[in-house]
Amino acid sequence: MRDAIYYFVMVPMVYGAAAIFISGLLFKLMVAVFSPGIKGKLGLYPRKLPFIAGVAKDAFLISSAFKKDKLLWFFVMAFHASFILLFLGHLELIRNFDFLQIIPHNVFLGSGVVGIVLIVATLYFLFRRFRSPWREISVPEDFLLLLTLFVAMLFGSHMHLAARYGIAGFDIPLEDYRAYLWGLVTLKPVLPDGITFSPHYIIVVLHVFFANLFIMLFPFSKMIHSVFAFFGQSLKRK
Amino acid sequence: MDNNKITELRRLMKSRLNRPMRYYLDLCTRCGLCYDTCHVYYGIPKKEYSPVGRSEVVRRLFKKYFRPSGKLFPYWGDATGLDDAVMDEVYEAAFSCTGCRRCMVHCPFGIDIPHILSMAKLLLIGNETAPEELVMLADAAVEKGNSVEFFKDGFKEVIGNLEKEVRQRLGLPLSEGLIPLEKKGARVLYVGLSGAHSIVHPAVVFNKAGENWTLSYFEGVNFGAFVGDPGKMELIAQRVIKEAIELGVEEVVIVECGTAYRIMKFLMGKLPFKVSSIVEVIHRYISEGRIKVKEKVISEPLTYHDPCQLGRNAGVFDEPREVLSLLAADYREMSPTREYNWCCGGGGGLVALDNEEFRIKSGKAKKDQIVATGAKIVVSACENCIMQLGTIQSGYGLDIEVKSLTELVAENLVE
């Protein structure tokens, strides 16, 4: 029974999460894009930069947050920069990409710092919401998403950091991760013994479970801001 | 609230689900960066008066009726259904907001909260709880558009009297033609307000500049926009558009009314004429040497209040400052200024409502700004702002004089 549950999380649920993520994102985009436009313009002034540079600056550097709350801005930037590294790190767990090794590094990149930064930033976002006035404006979604992210990152980070203690059998070899993830990508799923017989298999399963959960919620929650932010910023400059 | 009413209100909500609305309703992460950016919250620090607090009222309804998660797990996003208590919240959210969009400047996603609140206003119209004063004023404006011929004679008589005042101000022997009406071949159609001052001062400027202009039969203010009725807003704006096209003018110049200017310039789509604010036109006349003002004639410290619809919502920042810097020997800038300037609290039709106590409280940010400058004269370029600045002046007992920019220019033209 336990093996069946673990297998469900590691294989069918991953496919389910990916399908929900892609179709959900497409659905949300289609609904928005095919909604009627307006004949007017909703822009703001002044506009010191050309359109694309302005949108990119506001979306990537979040200058409004920098002006208003520098501590929040710091954690937001640290979080998003680390999230990109996290994505690249996971790409390298699927297979080797030469272009990602321009600066040679071990896989997973960041020596564990990426996960720690994400966890600290997530905790900052979470605890910030315990204080007034942010507590009053928060809804359960805000807390639950952060908690899901926190738990997924905690297990993920643990998998990375614990790998140093190879003597205890915690180190799951890179080849096994790649066999598992490449199997998923090529629709020939396998669960290598290096993962399933590891004393940390439960940690891997929990990490994948919460990551699946987060990915499934992504298109239907406020996480959609990662896509719609560019549209919002575009409207501001039209 | 019965089911038929709920169905009708849901239909109205759906009618406002345009593309920007979809983005704005889904985008907010409740980061709270906008929380204290509203002048109302500054004066009355309650969640209901924070931008995010207001938009969440609408967002909760949207989730309830248009999101599967809101239907299945309302707890997840705090989704709420329509009832009378919620409609009270909707009213408070919609008609405590002036539509200044200062919150939008601070939003990391550029969410236009007044755009979200346009859905709240539409719900109030459907619920028949929109402010009666605004509904009546909007209806009257629409009616004037339908039967303008009926109004023309009375209007001409009033204008005849105003022409005498303009003649006196300009020191001319004859008053005929100083405020032209229905002038075919005019280059400029000027759109004023119902108050005489909104016609006399610009008329002095236009005549002094030798402009080929004509006055609109209609007032620029758009109560359809204030009440949140897109259909009436369109009809009211179309009155002027139709008149401008019939007269074949090149440029429509809008009185000192931020909303009228923004609607005509940005919300009516592509138009076959140029749209300018009277402030831009005055600046242009001075730059081209068509009029001259008495330089540094005002010795008392003077400051300028950026009308939100003219400043951050339309980009007219420099022109009024350059004009005032010519007139004033001691021009002082408010802090924060330009796109970060605090709203005075008079926009969105709020000055037309019986809410003076609320507007005095919500004007606290503006009062503090004015006091900090030490200015004795506060100038603005929007009728709503001028009226609200007057309320702030009397409400807080400030020793200041509130002036309109056009008035100041018209009073200080070189002979």
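In the predicted model, helix α1(A) passes helix α11(A) in a left-handed crossing. The residues brought together there are Tyr6(A), Val9(A) and Met10(A) on α1(A), and Tyr201(A), Val205(A), Val208(A), Phe209(A) and Asn212(A) on α11(A). By class, this contact of α1(A) with α11(A) comprises 7 nonpolar residues, 1 polar residue and no charged ones. Helix α1 spans residues 2-10 of chain A and helix α11 spans residues 201-217 of chain A; their axes lie 9 Å apart and meet at an angle of about 45 degrees.

The contact between the two chains involves 39 residues from chain A and 45 residues from chain B. On the side of chain B that touches chain A, two or more residues come from each of α2 (19-27), α4 (51-66), α6 (74-77), α8 (102-106) and α15 (258-267) of chain B. The most are given by α2(B), with 7 residues. This side of chain B is made up of 22 nonpolar, 12 polar and 11 charged residues.

The largest nonpolar core holds 180 residues, of which Ala120(B), Val252(B) and Ile254(B) touch the most other members. For Val252(B), the contacts beyond its neighbours within four places in sequence are Leu189(B), Val191(B), Val240(B), Ala244(B), Met264(B), Phe273(B) and Val275(B).

Note on methods: Residues are numbered from 1 along each chain as its sequence is written. Chains are lettered from A and ligands numbered from 1 in the order in which they are written. This is a predicted model: local features need pLDDT of at least 70, side-chain atom pairs count only at pLDDT 80 or more; totals for chains, interfaces and linings use all residues. Two residues are in contact if their C-beta atoms, placed from the backbone, lie within 7 Å. Helices (H or I, at least four residues) and strands (E, at least two) are DSSP runs, numbered from the N terminus. Ala, Val, Leu, Ile, Met, Phe, Trp, Tyr, Cys and Pro count as nonpolar, Asp, Glu, Lys and Arg as charged, and the others, Gly among them, as polar. A nonpolar core is a set of buried Ala, Val, Leu, Ile, Met, Phe, Trp, Tyr and Cys residues joined through C-beta atoms within 7 Å. A residue is buried if 20 or more other C-beta atoms lie within 10 Å of its own, exposed if 12 or fewer, and partly exposed in between; C-beta atoms are placed from the backbone. Axes are lines fitted to C-alpha atoms, for helices over the stretch in contact, and angles run from 0 to 180 degrees between N-to-C directions. A crossing is left-handed if the near helix is turned anticlockwise from the far one by less than a right angle, and right-handed if clockwise.
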